[in-house]
Every structure is written in structure tokens, then in C-alpha cells.
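The structure comes first, and the notes follow by topic.

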Amino acid sequence: MRKIVSLFACALLGLALSSCVTTMKTAKTAGVSASLQNATVADLTVGERITYTSHPSKAIQRGGLSNIKQAVEAEALEVKGNGADILLDPQFVVSRRRSLFGSKITEVTVSGRPATYNNFRSLPDTVWSNPVFRGVYAKSAHRRGMAKGMPRANAAAKVKAPRTPAGRRSGFRMGLEFNGSVGIEESSSQAGANLIGGYQFGPYFYAGLGVGYKYMEMDGEIKGNGREYVSSEMHVVPFFAQIRLYGGRGSNALFFDFKGGCDFTVSGTFTDGSFLRPAIGYSFGDVDLSVFYQYEEFTGLHHTESRWSNSYLENAEDSFIGLSLQVKF
């Protein structure tokens with residue numbers, strides 16, 4: 001028994017030593033003075049333009065817009081391109097559904113010409129060795145131009161165009177605005193929120209309509225039967241029009257804004273009125289911050305507060321300065 005164990009151990013040791021063998025080889029290469037060059041070309045058969053619409057899955061959308069376009073091109077070639085190799089001059093129409101939490105791609109339509117490579121062959125030496133074909137003259141001219149201080153041909157291509165945020169691309173846009181202000185002449189104040197909807201005309205101009213709610217503490221003067229009423233707390237619903245002009249197409253841009261409309265009193269002392277509000281601000285993509293001046297004017301007594309006979313109101317108006325924060329979606 002002890003001999004069998006010894007023989008088995010020797011066999012295992014031999015197997016381990018044989019499995020650890022490493023083979024190493026070295027070689028030398030001789031320099032070749034001649035350059036080896038070759039070029040393969042092929043014919044391209046182009047078909048009629050096709051159009052294909054796809055609804056990309058969530059898995060494809062997680063790869064980004066570039067991945068979505070490549071996937072739609074592949075589907076178009078498979079479904080309508082008869083197994084072609086590439087899609088020439090692809091043009092895309094991307095449909096998005098916007099919500100309060102962002103946007104989602106719902107549909108992508110691509111159109112282009114399917115093309116197939118065939119007749120692969122090598123160029124003859126007479127063509128390949130031609131310096132014009134190889135771009136030798138063009139390269140030499142480029143080097144001479146650089147020596148004289150000429151700019152690179154692709155320098156302009158390296159300058160990135162400013163990115164236009166989604167909130168300033170053409171189309172219908174909604175916005176939610178919060179604002180607060182204090183009176184300039186009187187100890188008045190106001191705070192409110194507005195919902196605004198309108199159309200964005202490119203990255204520079206916006207026009208829309210809005211409605212909101214505004215709480216005001218406004219000073220005025222009411223006289224009648226020997227009484228005076230010098231202040232009022234009011235709940236107001238404003239309806240207004242808005243225009244805005246941006247100073248650039250990039251994500252960050254200065255803008256000028258103007259709002260004007262009517263104030264409808266829900267409760268308070270004064271009757272319905274009107275307001276004008278010019279502003280200047282700065283856009284941080286889809287979030288805008290501005291400073292505004294606002295002129296408010298109310299006239300008469302609210303019908304539920306007319307407790308004085310022969311009463312009248314003198315100069316129920318005030319000017320405000322405040323801050324506004326608007327989020328677009």
C-alpha cells in the first residue's frame with residue numbers, strides 16, 4: 001500500500017512539473033527599405049429613397065440620441081433596405097413628449113437612400129503611386145501655408161456652436177413663474193405665482209399669455225363720512241400678455257421681458273385694475289432669473305367693501321421693484 005501511494009505522489013509531481021513549462025521565443029526582423037502600399041475600392045449601388053418610422057425601446061434610449069439614430073438606421077436597412085450595407089444622406093425627425101419632469105423620445109423617422117458595396121478590387125499601381133491621388137501636393141501646400149502663418153483649414157470646425165437649450169427651441173412652451181416685490185413709494189408688498197404658455201420663435205423671441213394668483217398689501221386712501229381707510233390686503237387674479245427677447249442662443253443669455261395685463265380682485269378693498277411690468281434678467285438654460293419694475297393701478301371701492309355712502313378713492317396706485325424666477329418645461 002505504501003508503494004502505491006509513493007508511485008501516485010510521483011505521478012502527480014511529474015504532472016505538475018510538466019504543466020508549468022513556459023515556452024519563450026525571440027526573433028529579429030530585417031528592415032525593408034521599400035514601403036508596401038495597397039488600396040481596395042468598390043462600386044456603390046444606390047437605391048431609391050426609403051422612409052422608416054420606429055418607436056425605440058427604453059433599452060435603446062438609455063444609450064443616448066446617437067445610439068437611437070444608429071438603431072433606427074439599422075432597422076430601416078433591415079426592413080425596407082433589402083439588406084443594404086449603408087444608408088446614404090440619412091435625415092431624422094425626432095418626436096418628443098414633454099412633461100413636468102423632462103422629455104421622452106416617442107418616435108423617430110429616418111429617410112435616406114440604401115446603398116450596397118460590390119465589385120471589390122485593388123487599385124492598379126499606376127493610380128496608387130500618383131502623387132495627386134495620394135494627396136502629396138495638397139499636404140505640401142498645407143505645410144507651406146502653415147509656414148506663412150495661414151490658419152488651419154479645420155480651425156473653424158473646432159469652434160463649437162453654442163448649445164440652444166430645449167426651452168428655447170421653436171415650439172409651444174409652458175413656464176411656471178414665482179415673484180415677489182416691495183413698494184417703492186409706499187410700504188406695500190406683493191407675492192405671487194403665474195402659469196405662462198406661449199410660442200418660442202427660435203432661440204431669440206418668445207410671446208405668450210399667462211394667468212396667476214397675487215397676494216398684495218397695498219396702501220391707498222379712502223375717504224367718506226369722516227372715515228379714512230389707508231391700507232388693504234387683496235387677493236388678485238392677473239391675466240396678462242408676455243413678450244421676451246433673448247440676447248444670444250447659448251444656454252446662458254441676457255434677456256429683456258415685458259408683461260402687461262389686467263388685475264381682477266377676488267377680495268379686498270379696491271376694484272379691478274391693471275399693471276405694466278418691464279424686466280431684465282439672465283437665462284440659465286431652462287431657468288430664468290430677472291429683476292423687474294411693476295406699476296399697479298386700482299380705482300374705486302370693491303362692491304363687497306362699500307360700507308361708506310358717497311365714498312371715493314384717491315390714487316390707488318403704487319410702484320414695485322422685485323425678483324422673478326421662471327422655470328420652463
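**Second largest cavity**

By class, three nonpolar, four polar and two charged residues make up the lining of the second largest cavity. The model is a predicted one.

- This cavity holds about 40 Å³ of space.
- Its lining consists of Met174, Gly175, Gln200, Tyr206, Gln242, Arg244, Tyr246, Gln326 and Lys328.
- At least two lining residues each come from S5, S8 and strand S13 (316–328), and S8 gives the most, with three residues.

**Largest cavity**

- The structure has two cavities of 30 Å³ or more, and the largest cavity contains about 90 Å³ of space.
- Its lining counts 13 residues, of which Asn179, Asn194, Lys214, Pro238 and Arg277 are the closest to the centre.
- Strands S6 (189–201), S7 (205–224), S8 (227–246) and S10 (273–284) each give two or more residues to this lining; the largest share, four residues, is from S6.
- Five nonpolar, five polar and three charged residues form the lining.

**Largest pocket**

- The volume of the largest pocket is about 170 Å³.
- Lys58, Gln61, Arg62, Gly64, Leu65, Ile68, Arg96, Ser103, Lys104 and Ile105 line the largest pocket.
- Helix H2 (58–61), helix H3 (65–79) and strand S4 (102–122) each contribute two or more lining residues, with the largest share, three residues, coming from S4.
- The lining divides into three nonpolar, three polar and four charged residues.

**Arg173**

- Arg173 lies in strand S5 (residues 171–183).
- Arg173 is buried but has no salt bridge, and the nearest side chain of opposite charge, Asp286, is 6.9 Å away.
- The Arg173 side chain reaches the backbone oxygen of Arg169 at 3.0 Å.

Conventions. Residues are numbered from 1 along each chain as its sequence is written. This is a predicted model: local features need pLDDT of at least 70, side-chain atom pairs count only at pLDDT 80 or more; totals for chains, interfaces and linings use all residues. Side-chain values use heavy atoms; hydrogens and water are left out. Buried means under 20% relative accessible area, exposed over 50%, partly exposed in between (1.4 Å probe, protein chains only). Lys and Arg count as positive and Asp and Glu as negative; His and the chain ends are not counted. A salt bridge is a side-chain nitrogen of Lys or Arg within 4 Å of a carboxyl oxygen of Asp or Glu. A polar contact is a pair of N or O atoms within 3.5 Å; within protein, one must be able to donate a hydrogen and the other to accept it, and residues adjacent in sequence count only if both atoms are side-chain atoms. On a 1 Å grid over the protein atoms alone, a cavity is a set of points where a 1.4 Å probe fits but cannot get out, and a pocket is an open set with protein on both sides within 12 Å along at least five of seven lines; lining residues have an atom within 4 Å of a point. Grid points are joined across faces, edges and corners, and a volume is the space filled by probe spheres set on the points. Ala, Val, Leu, Ile, Met, Phe, Trp, Tyr, Cys and Pro count as nonpolar, Asp, Glu, Lys and Arg as charged, and the others, Gly among them, as polar.
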